[in-house]
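Please look over the structure below before reading the notes that follow it.

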Amino acid sequence: MKTGYVHVYTGNGKGKTTASLGLALRAAGSGLKVAIHQFAKNADCGAIKMLRKIGGIRISQCGNGPFIIGKPHGGDIACAERGFEAAKKDIYSKKYDIVILDEINIAMKLGLVDTNEVRRLIVDKPGGVELVLTGRHCPVAIKNVADLITDMREVRHPYRRGIGARKGIEV
């Protein structure tokens, strides 16, 4: 690709990670190389299990649990920092056509990753790398430098009725 754009999938609605993984699947099917870095996640959900079987997609999880609630611990910060450094290496290596930073917006909100460093990465990334950032609470500084922003809005969700995530549907 000559021009790699910056996508942001944010908002309180469901489907941000799913949209990015769908893009990864489409890209791999077209012969592109994809690196996925998941922040604040460390679980092999159904989608991740399947994507690991597909050539052209590499997945790295840099989280100590499925979601961080409350204040992050030192281990959470160190894990996210290692993940962000690995993501930067993948972006600058030019080995990957698409790099997905899943839940990076949450990592920035929780102070696990510095927003200014993410913004600098976006501005300085090689031109041929497509970069995707997902998660709720995308900072304005990131939105200001993104090429494509999708804000997923929750209208209704079973979670509000006390129904948890279901295997194969939400996880």
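The points below cover a central strand, a helix, the nonpolar cores and the salt bridges.

This is a predicted model, in which local features need pLDDT of at least 70 and side-chain atom pairs count only at pLDDT 80 or more, while totals for chains, interfaces and linings use all residues. Residues are numbered from 1 along each chain as its sequence is written, and side-chain values use heavy atoms, with hydrogens and water left out.

- Strand β4 covers residues 98-102, and five of its five residues are buried; buried means under 20% relative accessible area, exposed over 50%, and partly exposed in between (1.4 Å probe, protein chains only).
- Helices (H or I, at least four residues) and strands (E, at least two) are DSSP runs, numbered from the N terminus.
- From β4, I98, I100 and D102 point one way, V99 and L101 point the other way, and all are buried.
- In a regular strand the side chains alternate between the two faces of the sheet.
- Strand β2 (residues 34-39) runs parallel to β4 and is joined to it by five bridges; two strands pair if DSSP finds at least two bridges between them.
- In this pairing, A35 stands opposite V99.
- Strand β5 (residues 130-134) also runs parallel to β4, with four bridges between them, and its V132 stands opposite I100.

**Helix α1**

- Helix α1 (residues 16-29) has 14 residues and reaches 20 Å from its first C-alpha to its last, close to the 20 Å expected at 1.5 Å a residue; the expected span is 1.5 Å times one less than the number of residues.
- Its buried residues are K16, T17, S20, L21, L23, A24, A27 and A28.
- Seen down the axis of α1, the buried residues fall within an arc of 155°, so they line one face of the helix; the arc is that of the directions from the helix axis to the C-beta atoms.
- T18, R26 and G29 are exposed on the other side of α1.
- G31 follows α1 and has a positive phi, near 85°.

**Nonpolar cores**

- The largest nonpolar core has 28 residues, of which F39, I104, V113, V118 and L133 touch the most other members; such a core is a set of buried Ala, Val, Leu, Ile, Met, Phe, Trp, Tyr and Cys residues joined through side-chain atoms within 4.5 Å.
- The largest share of this core, five residues, comes from α3.
- Another core, of 15 residues, lies apart from it and includes A27, I48, I57 and V132.
- Leaving aside neighbours within four places in sequence, V113 is in contact with F39, A80, F84, I104, A107, M108 and V118; contact means heavy atoms within 4.5 Å.

**Salt bridges**

- The count comes to three salt bridges, each defined as a side-chain nitrogen of Lys or Arg within 4 Å of a carboxyl oxygen of Asp or Glu.
- D90 forms a salt bridge with R58, with the closest N and O atoms 2.1 Å apart.
- D90 lies in helix α3 and R58 in strand β3, so this pair ties together parts that are 32 residues apart in sequence.
- D90 counts as buried at 8% relative accessibility, whereas R58 is partly exposed at 32%.
- K88 and E85 meet in a salt bridge at 3.0 Å, N to O; being three residues apart in helix α3, they are separated by about one helical turn.
- E154 forms a salt bridge with R160, with the closest N and O atoms 3.0 Å apart, and R160 counts as exposed at 58% relative accessibility.
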